[in-house]
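Here is a short briefing on a structure, arranged by topic. Please keep the sequence and the model in view while reading.

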Amino acid sequence: MKTLADLKKIREKAQEDMKLRGGNVRIKISVGMGTSGIAMGAREVMKTFLEEIAARNLSDVLVTQTGEKGLSSMEPVVDLIEEGKPKVTYGNMNPDKVKKVVVEHIVNGRIVSDYVVATGD
Amino acid sequence: MQDISLHLLDIIENSVRAEAKNIKVRVINNVQKNRLRIIVEDDGIGMDSHTLEKAQDPFYTSKLQREKKVGLGIPLFKQNAEMVGGTFKMASEPGFGTVLTVDFTLDHIDRMPLGNLKDTLLNVIIGHTDVDYCVHLIYRDKAKEQCFYLDTKAIREELGDIPLTYPDVIEYIDQSLFEGIQNTNMEDV
């Protein structure tokens, strides 16, 4: 059984980790979680991002979710926001595409242009 | 929406959009009463009686700047509950928040499954770290009652300055929810 005491250990480890790399967020991933996004599989898309990021121990990547913004026909929609770079919006996402975006874009810094539906603000 | 957990995700997103800072989610599997009850309670901006009525109309949305003026989230959830002998109730007070109570007949053959409750809860907890969640899962039958409780405020206090989005913390919450769902027999409802 998980207990609050387990969190103490995590906290100690995380504090060490934060000291080493400063706790910066390099990339923010924002998954559209409006009604149409949810119906099209946005929850699985977000879950896959969380799993892939945990598997690669990318502690400088933040996954969050937002409402919808009028791209309903391209749901699930995901924004990748990187400091100092234009925002990249990926559309029609699914778990396989997420895995590719994590490897190509987040790890190797190459935008997966096939999945891009919009860029900039 | 294929299952109740996806509707629940949609409803919680509504609460977040209504600027809720505390969201209470209860799922009660009451075998004795043959009832599956979902309660979502938030402290968001709330709705007046006119908006509350409108929210159940598919051709209404509170989302601004939308070309298509439809909002299917609430009407579909209501329909899916009422179709199988359940009920859908929403109460709200402007400035205080909204409470939504949805009941499903547990053994109705056409009732949609509960679905992946764990991923819905994990998503909203990790996706909106400025909101605190109280999650209460309850299983009740003739012989016993089993409960699971998760409070993100308590987790946050233990963590101090470490964010909920830290990978090990996500795994901790994921694992806690998994155990809680198993202990309250919610994985195959």
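The model is predicted. Chain A has four helices and five strands. Its five strands make one open sheet with mixed pairing. Chain A touches chain B through 30 of its residues, which meet 33 residues of chain B.

**Chain A overall**

- From the N terminus, the elements of chain A follow the order α-β-α-α-β-β-β-α-β.
- The C-alpha trace of chain A spans about 45 × 35 × 25 Å along its principal axes.
- Chain A has 121 residues, and 36% of them count as buried.
- Take the contacts in chain A between residues at least 6 apart in sequence: 72% of these join residues at least 24 apart.

**The sheet of chain A**

- The strand order is S2-S1-S3-S4-S5 in chain A.
- S2 and strand S5 (116-119) of chain A are the edge strands, each pairing on one side only.
- Neighbouring strands of this sheet are turned against each other by 25 degrees on average, direction ignored.
- Strand S1 (residues 27-32) of chain A runs parallel to S2(A), and six bridges join the two.
- A:Val31 has A:Gln65 of S2(A) opposite.
- In a regular strand, side chains alternate between the two faces of the sheet.

**Where chain A meets chain B**

- On the chain A side, 30 residues are in contact with 33 residues of chain B.
- Helix H1 (4-21), helix H2 (35-39), helix H3 (42-55) and strand S2 (61-66) of chain A each give two or more residues to this side.
- H1(A) provides the largest share, nine residues.
- By class, the chain A side has 14 nonpolar, nine polar and seven charged residues.

**A helix pair in chain B**

- Two packed helices are described by the angle between their axes and the distance between the axes.
- Helix H4 (residues 117-127) and helix H6 (residues 167-183) of chain B pack at about 145 degrees, with their axes 10 Å apart.
- The crossing of H4(B) and H6(B) is right-handed.
- H4(B) makes the contact with B:Leu117, B:Lys118, B:Leu121, B:Leu122, B:Ile125 and B:Ile126.
- H6(B) answers with B:Ile170, B:Ile173, B:Asp174, B:Leu177, B:Phe178 and B:Ile181.
- Ten residues of this contact are nonpolar, none is polar and two are charged.

**A hairpin in chain B**

- Strand S3 (residues 87-93) and strand S4 (residues 97-105) of chain B run antiparallel, joined by seven bridges.
- B:Thr87 has B:Asp103 in S4(B) as its bridge partner.
- S3(B) and S4(B) form a hairpin with three residues between them.
- B:Gly95 in the turn has a positive phi of about 90 degrees.

**The nonpolar core**

- In soluble globular proteins, nonpolar side chains tend to be buried together.
- The largest nonpolar core here has 71 residues.
- The residues with the most contacts inside this core are A:Val31, A:Val45, A:Phe49, A:Val63, A:Val78 and B:Ile12.
- Helix H1 (residues 4-17) of chain B gives the largest share of this core, seven residues.
- Leaving aside residues up to four places away in sequence, A:Val78 touches A:Ile29, A:Ser30, A:Val31, A:Gly32, A:Val45, A:Tyr90 and A:Met93.
- Among these, A:Val31 and A:Val45 are touched by A:Val78, and both are listed with the most contacts inside the core.

Notes. Residues are numbered from 1 along each chain as its sequence is written. Chains are lettered from A and ligands numbered from 1 in the order in which they are written. This is a predicted model: local features need pLDDT of at least 70, side-chain atom pairs count only at pLDDT 80 or more; totals for chains, interfaces and linings use all residues. Two residues are in contact if their C-beta atoms, placed from the backbone, lie within 7 Å. Ala, Val, Leu, Ile, Met, Phe, Trp, Tyr, Cys and Pro count as nonpolar, Asp, Glu, Lys and Arg as charged, and the others, Gly among them, as polar. A residue is buried if 20 or more other C-beta atoms lie within 10 Å of its own, exposed if 12 or fewer, and partly exposed in between; C-beta atoms are placed from the backbone. Two strands pair if DSSP finds at least two bridges between them. Axes are lines fitted to C-alpha atoms, for helices over the stretch in contact, and angles run from 0 to 180 degrees between N-to-C directions. A crossing is left-handed if the near helix is turned anticlockwise from the far one by less than a right angle, and right-handed if clockwise. A nonpolar core is a set of buried Ala, Val, Leu, Ile, Met, Phe, Trp, Tyr and Cys residues joined through C-beta atoms within 7 Å.
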